[in-house]
Amino acid sequence: MKNRNQGSQFSRVGSSKKTVLFLMLCIFFTNVYAQEKSVTGTVTDETGLPLPGVNVLIEGTSDGTQTDFDGKFSIQASPDQTLIFSFVGLQTASVPVGNQTNINVTLQSDSSLEEVVVIGYGTRKRSDLIASVASVDPEDMTKVATADVAEMLRGKAAGVRVTLNDGGPLGTSTIVVRGQNALNGSQTAAYIIVDGVPAGAINDINPNDIESLEVLKDAAALAIYGSRGANGVVLITTKRGKLGKTSITYNGSTGIQQYNRDFEIYSGDEFAQLKREAFRTSNGGVYLPDEEIFSALELESVQTGEYIDWEDLILRTGNTQNHQVSVSSGTEDTKVYTSFNFFQNEGIIPNSAGTRVSGRINVDQRINDWLKVGVNTSLQFSREDGPNVGGILLTSITTSPLGQVYNEDGSLRYLPGGFEENKNPLIDLEETNTRNDSRNDIVNIFADISLFKGLNYRINASRRSWNNKQRGYNTANSITGVTRGSVGSGFIFFQDNEEWQVENILTFATKFGSDKHNLDLTAVQAASESKYTNFRNNVDQVPNDILGINGLEAALTNIPTIAASRTGLVSFAARSEYGYDSRYYLSLSARADGSTKFGVNNKWGYFPAVGVSWNAHNESFLREVTGINLLKFSSSYGSIGNQTIGAGGTLTSGVQRDYVLGGQQVSGLIPGNRLANPDLKWETTTTLNVKMDFGFLSNRINGTVEWYDGRTKDLLQSESLPTGLGYSNRLVNKGELQNTGIESSLNLGIVRTNDFQMNLGFIFTKNTNKLLSLGGVDGDGDGREDDNLGNRWFIGRSLGGYFQRMGVGIFQQGEDIVNSAQPDAMPGDIRQLDVNGDGIINDEFDRVFTPGVEDWYGTVSLNMEYKGLDFSADVNIVEGRTRFNNFLLGYSEGGSLRGIKNGIKQDYWTPENPAGNFPRPSEANDPQNLFTIGLQDASYVRLQNVTLGYSLPRPTLESIGLSKMRFYLTGSNLLTFTDYQSFSPEKNPNEYPEAVTFLAGLQIGL
């Protein structure tokens, strides 16, 4: 009984516990349900515009949502929770829910994301920058399918003009900043500095090692570099080791290359008809039988319709590959970055190929709190092989398509058509070769010493060594060898350069007055020396090809030449920059350069500059204008120098001569053609620059507009001397040159969400170049300065222009030719422009000037990202450029319409085709005044680069232990629209074609 009662009690107790537990759970869930509520709101930017795609998360959870197109959101949250609002490029905001059911948030610009810009001997925040500096994103650069770093810069910065030098396997380009400011155009390329060390060429740097790249353009930026900044400076900073675990990255690509051209040559049928027309003209307008026009080999082609396509036989599809591995690691004290790069390109011309191998090691070591040391080293080897490219391309265009390529035994036929004028271009593919081996190394050692707060001393010591070895050989069976009597010929060329530099750099930075006043001081003392030696030996009449160029000692003719030089530069520079309240800025800089290149009376040049800037958007009357994020006005004025002369340019030259002394032949020196000029001094370019930077609507619209006017005085040029003086010329300072221009860039953030971003960019540059004076010489007494016709220097005109008579059409049958300005012309001849209308055509009154520089150039770029996908495209535009195309008129280039050589196809005049815009063919002579139609419009629009990539999402990467994996496809130089008839509007048809490249690549990060 007792037990039963106890069990009943226990049952009642258990039931009570269940009841209490049930009630507690009900209360808990009722309370939770009561706390959770719907929270809505709108997210805007500083201008009040709604922000779509903002992430709204509950802190500490993965629960969240995104704002819609109108910036609105809705989420379930409890009062004790906090909402986190985040968006790309804006500050993250945290808002406790509390009792709120409607939360409106304004996200502010993230000042911590402000760009830091590298300038001469330092860095600045872009908001504090006074000078004209263009920054280029290395990631945008390396999307371009080329190993030429200069080509990667094409269209990336306003005022920076990139032109192709060589389209070969290891092709190069030239960078010119704000136009040509010297009479010697080859001396106007931008100066390249890598980690504070002068580089010989921009391609000495592996593009995958570049951390940042800036182009300095105005006097405020360049004066501290003095003479080195005469043509603009490209500052490159390479990657360094970073704190944290070791990271390994791989970037590799492989692809194919093809050629593109903007011309057609005559097909077999068309060339045969051209030849008939040429003989017809020479035969009084009557066609001759084919048997009297064509050789037996040509006639066979005409009758069978079997023609030769030389282009198909010579040009091919090339291939390229590029592989980069880099390792970065670092502790608090030691940071190391290393890389290795392998690039190989087999060109679109058979037997042309290039290989480049480079490595880099950058080390930063902190010794203690006040001392840090480091070393930057790079080493590069390259080899490029190629046949006689210029000759092969020329003959591929100009050799007749009539005849036979091979002899009956399968060997190449020397004269495919039986005529001496047309030789088989395939011969030189196998029988000629030039090999170019280069080595380039840079070693830079530095130490940073913090003397006390704000004051830092840096010593920077570097050495650069570069050598080049070239060997070229034409066998006895080459076209040159056969022409010279079946003997070999060639050359060897060895060149060594060495340059060292030591810089002592003192910097001081301080803030005072409640941090409203900022003062930065820089002082630099530098010394550098360059040594150059070369040896070249040309050989001819090599009796056999067993050893090739290595058998030069057996040659009948050996002509050696040796050259060497040693130059030095000593410099002192200083810069002071003051800023007040992030609104007003002032910069003063100066540099003094002493060069061994100049005369004893003018070794030193002095180059000052001043710059001012106003951040108007930080004024109180604009701070509340939410639509303005940046409005900045800057101006600079200053001078920089140029030393566009070689070593010993101020001295009298000597020429080696042999004479007999005591019955023995000995060598000596006699005065050369150049007279010494101890007063020779620096060219000086003085520039005024005005700039406005702007950013509106949370910087969705941002850009820069600049205007500049640069005057270069004391131009270095060669002056002719009276013959009775015993010298023919001397270098002098005479003349003045002007470059004025407008540069602008505009970036539009069309869509900005966390998942999708779209940006559209525009770059525009217009530079006007004008030669103001050549020294005031009026030799013909007409009251105006004389032009220099030989160098195409015309007063009041741009450098590189053309001043000649112009063709304006073709004379037609039935015209009154006898009473025209060309009474001796015939129907089908070129009609020339009678400028002054006096009925006489002559050079004195009927020449027309055509500028050789473009009116303007620019770029349109599109960048899009959607989750893991990325897409970019660049379109380059060059407008108003004119070039002289010798392939329209030269006999050797097939332009003279004589039916002897093939050439670029033209619509020539015949009695049956009076609408033809080229003169009538004639076998006997070249058409008269062909040079008057040699100018062509070389403007172009080019789809320069297109890239499509995909990056694996973060969860996938974490599951396979990677930090990055991206696949991409890239095409470069894809489409070009131009009227210039060549492979490229920047090169002649006989120069290595600029390839169209398609790549597939992979990027991996560990």
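Predicted model: local features only at pLDDT ≥ 70, side-chain atom pairs only at ≥ 80, totals over all residues.

Me: Is Arg792 buried or partly exposed?

Reply: Use the cut-offs. Under 20% relative accessible area is buried, over 50% is exposed, and partly exposed lies in between. Arg792 has 34% relative accessibility, so it counts as partly exposed.

Me: Which value does phi take at Asp714?

Reply: Phi of Asp714 is near 55°, again a positive value in a residue other than glycine. Asp714 sits in the loop between S33 and strand S34 (716-720). With 26% relative accessibility, Asp714 is partly exposed.

Me: Now the whole protein. How many helices and strands does the protein have?

Reply: The count is 13 helices and 48 strands. The C-alpha atoms fill a box of roughly 145 × 75 × 65 Å along the principal axes. The protein has 1006 residues, and 48% of them are buried. The accessible surface comes to about 46,000 Å², with 55% belonging to carbon and sulfur atoms.

Me: How many charged side chains are there, positive and negative?

Reply: There are 85 positive and 113 negative side chains. The centres of these two sets lie 10 Å apart.

Me: What share of contacts joins residues at least 24 apart?

Reply: Take the contacts between residues at least 6 apart in sequence. Of these, 67% join residues at least 24 apart.

Me: Show me a residue with such a list. Which residues is Thr970 in contact with?

Reply: Thr970 lies in strand S47 (residues 964-978). Leave aside its neighbours within four places. Its contacts are then Lys143, Ala145, Asn945, Val946, Thr947, Thr997, Phe998 and Leu999. One of these is also a polar partner: the side chains of Thr970 and Thr947 are joined by a polar contact of 3.1 Å. Thr970 has 5% relative accessibility, so it counts as buried.

Me: Next, a helix. Why is helix H9 (residues 389-398) described as largely enclosed?

Reply: Count its buried residues. Seven of the 10 residues of H9 are buried, so the rest of the structure largely encloses this helix. The buried ones are Val389, Ile392, Leu393, Thr395, Ser396, Ile397 and Thr398. They pack against helix H8 (310-314) and helix H10 (427-431).

Me: Last, the rings. How many aromatic pairs are there?

Reply: Two rings pair if their centres lie within 6.5 Å. By this rule the count is 16 aromatic pairs. One of them is Tyr266 with Tyr908, a tilted pair at 6.5 Å centre to centre and 50° between the planes. Tyr266 is in the loop between strand S17 (244-258) and helix H5 (268-282), and Tyr908 is in the loop between strand S44 (882-884) and strand S45 (935-937), so the pair ties together parts 642 residues apart in sequence. Tyr266 is buried at 4% relative accessibility. Tyr908 is buried too, at 11%.

Me: What about Phe572 and Trp604: stacked or tilted?

Reply: Planes under 30 degrees apart count as stacked. Phe572 and Trp604 have 25° between their planes and 6.3 Å between centres, and they form a stacked pair. Phe572 lies in strand S26 (residues 557-580) and Trp604 in strand S28 (residues 604-615), so this pair ties together parts 32 residues apart. Phe572 is partly exposed at 44% relative accessible area, and Trp604 is partly exposed at 37%.

Me: Which residues do ring pairs link into a cluster?

Reply: Tyr259, Phe263 and Phe983 are linked that way.

Technical notes
Residues numbered from 1 in each chain as written. Heavy atoms only, no water. Buried < 20%, exposed > 50% of the residue type's maximum accessible area, 1.4 Å probe, protein only. Helix = DSSP H or I, 4+ residues; strand = E, 2+ residues; numbered from the N terminus. Contact = heavy atoms within 4.5 Å. Areas by Shrake-Rupley, 256 points an atom, 1.4 Å probe, with all protein chains shown as cover. Lys, Arg positive; Asp, Glu negative; His and termini not counted. Charge placed at Lys NZ, Arg CZ, Asp CG, Glu CD. Polar contact = N/O pair within 3.5 Å; in protein donor to acceptor, adjacent residues only side chain to side chain. Phe/Tyr/Trp six-rings, centres within 6.5 Å; stacked < 30°, edge-to-face > 60°.
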